[in-house]
Amino acid sequence: MAGQRWNLALLQMDIAIGEPERNFAKLESVLHEAVAHDTKPDVIVFPEMWNTGYALDRIQELADPNGERTEALLSAFSGKHGVNIIGGSIAEKRDDGVYNTIFAYDRQGNRAGDYSKIHLFRLMDEEKFLQSGDRAGELQLDGIPAGMMICYDIRFPELARKLALGGAQILFVPAEWPNPRLHHWRTLLMARAIENQMFVVSCNRVGVSGTTEFFGHSMVIDPWGEVLAEGGEVETIVRAAVDLSQVPAVRSKIPIFEDRRPSLY
């Protein structure tokens with residue numbers, strides 16, 4: 001990393017529903033592809049629920065117990081290759097149920113943070129099979145304050161604002177966002193970037209699961225709301241470079257945080 005400049009790699013991939021072995025093997029292959037590029041990434045991001053997909057009717061048996069297998073993979077890979085990883089999210093089995101959880105790792109192979117999805121999506125029956133997280137996803141990578149949200153969370157601007165008020169300069173959003181709501185996906189992500197004057201990095205899956213089709217369009221958006229990179233609707237690694245020094249520059253130019261009047265709302 002040069003100064004506050006990061007090279008990003010978003011692993012926009014298909015997910016085999018209910019087949020963790022296939023998904024782990026595929027992810028490892030794509031991870032090696034990501035770091036073998038001429039421009040080595042500083043941060044790699046995965047999609048939501050990449051270990052199982054939305055096999056919710058079997059999620060108890062398929063989920064990773066306490067995230068142990070996932071954490072072992074991410075810790076070893078990040079430490080070996082000196083890269084930060086936002087590990088998408090996985091189905092993580094705990095004593096009290098299954099959570100939709102992100103594990104994030106730093107360049108030394110240490111866990112930098114974790115976040116379990118707060119807002120469960122009723123249209124995919126998440127609330128019937130999953131437990132809800134109870135705290136915001138805050139972390140630091142290379143000394144940069146960052147935030148994590150998952151898919152449906154982007155419809156709740158209060159959560160993104162809380163992360164921004166806590167200092168987050170970049171927001172990572174793993175997702176399984178389906179057709180036909182591409183317009184919502186793009187608009188909401190750009191709005192979160194503009195209103196919070198921060199980078200938004202979203203990694204969505206592609207492919208078909210049952211009758212549900214996922215369109216990809218993983219995006220990197222700058223604090224002005226400009227799209228720096230966007231995937232299509234097939235498997236790919238979306239790459240972009242971001243200059244984190246742009247965040248304080250934008251925030252000083254239009255001082256929305258200083259002009260807030262939270263006593264009135």
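Among contacts in the protein chain with a separation of 6 or more, 68% join residues 24 or more positions apart. Contact here means heavy atoms within 4.5 Å. This is a predicted model: local features need pLDDT of at least 70, side-chain atom pairs count only at pLDDT 80 or more, and totals for chains, interfaces and linings use all residues. Residues are numbered from 1 along each chain as its sequence is written, and side-chain values use heavy atoms, with hydrogens and water left out.

Now take the overall form. The protein chain has 8 helices and 16 strands. Both are DSSP runs, numbered from the N terminus: helices are H or I with at least four residues, strands are E with at least two. The C-alpha trace spans about 50 × 45 × 35 Å along its principal axes. The radius of gyration, taken over C-alpha atoms, can be set against a globule rule of 2.2 Å times the number of residues to the power 0.38. For 265 residues a compact globule would have a value near 18 Å; this chain has 17 Å, which agrees.

What lies inside? Buried residues make up 56% of the 265 residues. Buried means under 20% relative accessible area, exposed over 50%, and partly exposed in between (1.4 Å probe, protein chains only). In soluble globular proteins, nonpolar side chains tend to be buried together. A nonpolar core is a set of buried Ala, Val, Leu, Ile, Met, Phe, Trp, Tyr and Cys residues joined through side-chain atoms within 4.5 Å. The largest one here has 50 residues, and Trp6, Ile86 and Phe172 have the most contacts inside it. Apart from it lies another core of 22 residues, including Met13, Ile15, Phe24 and Leu73.

Phe24 leads on to the aromatic rings. The whole structure holds 6 aromatic pairs. Rings of Phe, Tyr and Trp (its six-membered ring) pair if their centres lie within 6.5 Å; planes under 30 degrees apart count as stacked, over 60 as edge-to-face and the rest as tilted. Phe24 and Trp50 have ring centres 4.8 Å apart and planes at 70°, so their pair is edge-to-face. Phe24 lies in helix H1 (residues 20-35), while Trp50 is in the loop between strand S2 (43-45) and helix H2 (59-62), so the pair ties together parts 26 residues apart in sequence. Phe46 and Trp50 also pair edge-to-face, at 6.0 Å centre to centre and 85° between the planes. Phe24 is buried at 4% relative accessibility. Trp50 is buried at 0%, and Phe46 is buried at 0%.

Charges meet rings too. A charge sits over a ring if NZ of Lys or CZ of Arg is within 6 Å of the ring centre and within 35 degrees of the ring normal. Arg69 lies over the face of Phe24, 3.9 Å from the ring centre. Arg94 has its charged end over the ring of Tyr99, 3.7 Å from the centre.

Which loop holds Glu48? Glu48 lies in the loop between S2 and H2. With 0% relative accessibility, Glu48 counts as buried. A polar contact is a pair of N or O atoms within 3.5 Å; within protein, one must be able to donate a hydrogen and the other to accept it, and residues adjacent in sequence count only if both atoms are side-chain atoms. The side chains of Glu48 and Asn100 make one at 2.7 Å. The Glu48 side chain also reaches the backbone nitrogen of Glu176 at 2.8 Å.
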